[in-house]
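This report goes through one protein model and the DNA strand beside it. Please look at the fold before the contacts.

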There are 2 protein chains.
Amino acid sequence: MNYSVKEIAEKMGLTEHTIRYYTDQNLFPCKRDSNNRRVFDDQSVNWLQGIKCLRACGVSIEDIKIYCDLCLEGDVTIPERHQFMLHQQELAQERLREAQEVANYMDYKVKHYEEILANKIPDDMNPATKETPGVGKQVG
Amino acid sequence: MNYSVKEIAEKMGLTEHTIRYYTDQNLFPCKRDSNNRRVFDDQSVNWLQGIKCLRACGVSIEDIKIYCDLCLEGDVTIPERHQFMLHQQELAQERLREAQEVANYMDYKVKHYEEILANKIPDDMNPATKETPGVGKQVG
DNA sequence: TTAGTATATTCGTCTAACTCGAAGTCAAGA
DNA sequence: TCTTGACTTCGAGTTAGACGAATATACTAA
């Protein structure tokens, strides 16, 4: 099964621009037809699924290229790919912790405003909220 | 207590570039001395603490400006600021869910490579790992 | 007075990962 | 033949700064 840029963009939930961008960056092999048009197949779908996941995980295009190149080299690079993923796993755990902190901070802020609205805190007791956002700090 | 760009940058853990950028974007009031140099005080520290937190929460400069402008208008805008924070709270919760998914995905990937390395999965049973990253998809 | 040092200022360019639009190419259909 | 639609490349815009250069000001030492 062959796909055009438009078809694979639709199938993968990416824009045509993004598809072209990825192929221009040589993230994965991409053939051309006699009219110089990009031609994709089911293998391309596989590549794009993986790339999409890695992007969603916050991996940069540069690092994705490194990883994809390792994949292209075959089984010899499995230990390297393992290391790559271990590193990404660490990064993911750190981001998860940060996201948790941010969520806590927002919960605090919302609660804070709700207390003010319920008049539990008289205005003159929390002057900072009047003119600066600097209440309940230190996140990230 | 007054601070120069350099002093407040150091105090806040931001670069001088960033401080200048924030003042150029009019995120918060900033005075100038007779030599046109930026002058900061303890109120500025308050502003910057709040701004830093919001950035760490992934809030865009544009939205931070909206929020800071509301703060400058005083207590009348407390309901609006409450709404703003409710929205940010939702976004934070969504990002937390995503971060959790990403972490799970990475755990899966690492385990996958470790199984291959332990020879629990013969190579010819998982051909996709040889040439594409598309194994264990759908994140984000 | 002069030079050096340490700041500060603005301006302009660079980045990532797209996003968007323009201008041109190409084949198929009415 | 003309139009449509999809494709091509190229160049510029985006965000939130990072960074360097040229310039200006003030303080200090010789």
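How many helices and strands are there in chain A? Chain A has six helices and two strands, where helices (H or I, at least four residues) and strands (E, at least two) are DSSP runs numbered from the N terminus. Starting at the N terminus, the order is α-α-β-β-α-α-α-α.

This is a predicted model, in which local features need pLDDT of at least 70 and side-chain atom pairs count only at pLDDT 80 or more, while totals for chains, interfaces and linings use all residues. Residues are numbered from 1 along each chain as its sequence is written, chains are lettered from A and ligands numbered from 1 in the order in which they are written, and side-chain values use heavy atoms, with hydrogens and water left out.

Chain A has 140 residues, and 43% of them count as buried (under 20% relative accessible area, 1.4 Å probe, protein chains only).

Around DNA strand C there are 19 residues, each with a heavy atom within 4 Å of the strand. The nearest are A:His17, A:Ser60, B:Ser4, B:Arg20 and B:Arg38. They belong to a set of four nonpolar, seven polar and eight charged residues.

The table lists polar contacts, pairs of N or O atoms within 3.5 Å.

| Residue and atom | Atom of DNA strand C | Distance |
|---|---|---|
| A:Thr18, side-chain N or O | phosphate oxygen | 3.0 Å |
| A:Asn35, polar side-chain atom | sugar or linking oxygen | 3.4 Å |
| B:Lys6, backbone N or O | phosphate oxygen | 3.0 Å |

Helix H2 (16-24) of chain A, and helices H1 (5-12) and H2 (16-24) of chain B, each give two or more residues to the surface near DNA strand C. H2(A) gives the most, with four residues.

Notes:
Buried < 20%, exposed > 50% of the residue type's maximum accessible area, 1.4 Å probe, protein only. Polar contact = N/O pair within 3.5 Å; in protein donor to acceptor, adjacent residues only side chain to side chain. Nonpolar A, V, L, I, M, F, W, Y, C, P; charged D, E, K, R; others polar.
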